[in-house]
Amino acid sequence: QVQLGESGGGLVQAGGSLRLSCAASARAFTNYFMGWFRQAPGKEREFVAGIWRGDASYYADSMKDRFDISRDNAKNMVYLQMNSLKPEDTAVYYCAASPHATTRATEFFAWGQGTQVTVSS
């Protein structure tokens, strides 16, 4: 069983940065593809970024130039560095785990509770 917990959200001005963290309580953490999703009010949950056990990473096209995903397998941690934030980045950000590399939310079997990111203009 995998349990995930996000932290690092908050209020930031447009153009600012935030670093989100996700702590995973899981055996064989390296077996899982870890992803970040976000969901804004009234919108569907969308894929932000994902990373495999090594450094193979994937990004949504609209975020790949501003966001950076990383993981520390020794600490069972996943991070999302978000730079040049925009008001449209405001959403609840979720960490999730999947047994394979995918961008589809339905293929992730474990989710954290989410952390709110609010970007003011």
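**View 1. Strand β5 sits largely enclosed by the rest of the structure.** Of the six residues of β5 (residues 46–51), five are buried, so the strand is largely enclosed. Here, buried stands for under 20% relative accessible area, exposed for over 50%, and partly exposed for anything in between (1.4 Å probe, protein chains only). Strands are DSSP runs of E with at least two residues, numbered from the N terminus. Please keep in mind that this is a predicted model, in which local features need pLDDT of at least 70 and side-chain atom pairs count only at pLDDT 80 or more, while totals for chains, interfaces and linings use all residues. Residues are numbered from 1 along each chain as its sequence is written, and side-chain values use heavy atoms, with hydrogens and water left out.

**View 2. Strands β4 and β5 form a hairpin.** The two strands run antiparallel and are joined by five bridges; for strands to count as paired, DSSP must find at least two bridges between them. Six residues lie between β4 and β5, and in this turn G42 has a positive phi of about 80 degrees. Look across from R38 and you will find E46, its bridge partner in β5.

**View 3. On to the β5 and β6 pairing.** Three bridges connect these antiparallel strands. The hairpin that joins β5 to β6 runs through five residues. I51 is placed opposite S57 of β6.

**View 4. D89 forms a salt bridge with R38.** A salt bridge here is a side-chain nitrogen of Lys or Arg within 4 Å of a carboxyl oxygen of Asp or Glu, and by this rule the count comes to four. For R38 and D89, the closest N and O atoms are 2.8 Å apart. This pair links distant parts of the chain, 51 residues apart: R38 belongs to β4 (residues 33–39), whereas D89 is in the loop between β8 (77–82) and β9 (91–98). R38 is buried at a relative accessible area of 8%, and D89 is buried at 0%.

**View 5. D89 also meets R66 in a salt bridge.** The N to O distance is 2.7 Å. R66 lies in the loop between β6 (57–59) and β7 (67–72) and D89 in the loop between β8 and β9, so their contact ties together parts 23 residues apart in sequence. R66 counts as buried, with 13% relative accessibility.

View 6. R104 is exposed at a relative accessible area of 55%, while E107 is partly exposed at 25%. Elsewhere, salt bridges with shared partners join R38, E46, R66 and D89 into one network.

Terms used
Helix = DSSP H or I, 4+ residues; strand = E, 2+ residues; numbered from the N terminus.
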